[in-house]
Amino acid sequence: MYRNTQQIDNILIDLNKAVDAHYDWLINMFACVVNNNIDQSESINAHSHHLCHFGRWLDGHQPMNQEESSCLQAIDATHTKMHNCGRELMCVIRDKKTNTDKFSEFKHRLALFSAAVTAYKTYLLKLRGGVDILTGLPGRRMLDERFEQQLKEVSDRKMYMLLLDIDRFKDVNDTYGHLVGDSVLRELAQQLRDRIRGGDTAYRYGGEEFIIILYAPSDREACMAAMRLRESVAASAIHYDDKALNITVTIGVTQAWDGESIGIVVKRADAAMYRGKQTGRNRCMFMDEGGEIHLITH
């Protein structure tokens, strides 16, 4: 699962608005103390961390992966503790107690909350930098960074790599121009997004090559998924201006084994894909554990 650049930008905009609203909340919180209406303020509520604008944003924001979940959990924890400390400080001020520890603690909690938000923004910006601008898919750098962790997280299923290459893509650019070529890449990327399952991820690996990290219980299931993908691409027309263009892809499939580097797996998938190119294109080839390459058929 991944987020495209527009989704990331929207998250950053909404997050900044929520943070700005939260500073207003803090100002209003202490204004209630000064105006002697603390008991009417939502700030004194034990669940104030859910009632403020930032809390509502946080409750409605769902993570896409474990790394993002960890960031949001850190924000949630520091946000809750900051609200708890704020309530205690309000009571100290209201009751005119001399307790400088509460002021220092609140300052500390506010700094931890700010640091957690900054860490999440850093994660989002790093994620955005790994997205291919043309297609909106995560790019090669993101695949390189994620691959080892993805392989470690495999449990009851097996992890496979599908390497797709558009057949005769150079002819498309030469005949119709690079703008049409770019449209082909964008349309194929959208088809991949629409056709892969929720737990699988498509990447633009470079040029006209795409990689799908796919989870399946067996070689046959992975090969059939590749076959369905190849057939759906061949059956779909790509529209530009008032014309339609049909393309095909050749796919190399291989399983990723525990402890393997991405380079080794890509090399196998590429060899399988290249055999498909040599023997006719518009086909799926599978390289097994022994290095044998097989044509995938129904």
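I looked up Phe-54 and Phe-113 and found both to be buried, meaning under 20% relative accessible area with a 1.4 Å probe and protein chains only, where over 50% is exposed and in between is partly exposed. The model is predicted, with local features needing pLDDT of at least 70, side-chain atom pairs counting only at pLDDT 80 or more, and totals for chains, interfaces and linings using all residues. Residues are numbered from 1 along each chain as its sequence is written, and side-chain values use heavy atoms, with hydrogens and water left out.

I noted three aromatic pairs in the structure; rings of Phe, Tyr and Trp (its six-membered ring) pair if their centres lie within 6.5 Å, and planes under 30 degrees apart count as stacked, over 60 as edge-to-face and the rest as tilted. Phe-54 and Trp-57, both buried, form a tilted pair at 5.6 Å centre to centre, with 45° between the planes. Phe-54 and Phe-113 pair edge-to-face, at 5.0 Å and 85°. Phe-54 belongs to helix α3 and Phe-113 to helix α5, so this pair ties together parts 59 residues apart in sequence. Helices here are DSSP runs (H or I, at least four residues), numbered from the N terminus. I recorded that ring pairs link Phe-54, Trp-57 and Phe-113 into a cluster.

I then turned to contacts between helices. Lys-126, Leu-127 and Gly-129 in α5 meet Arg-141, Met-142, Glu-145 and Arg-146 in α6, contact meaning heavy atoms within 4.5 Å.

Note on methods:
Helix = DSSP H or I, 4+ residues; strand = E, 2+ residues; numbered from the N terminus.
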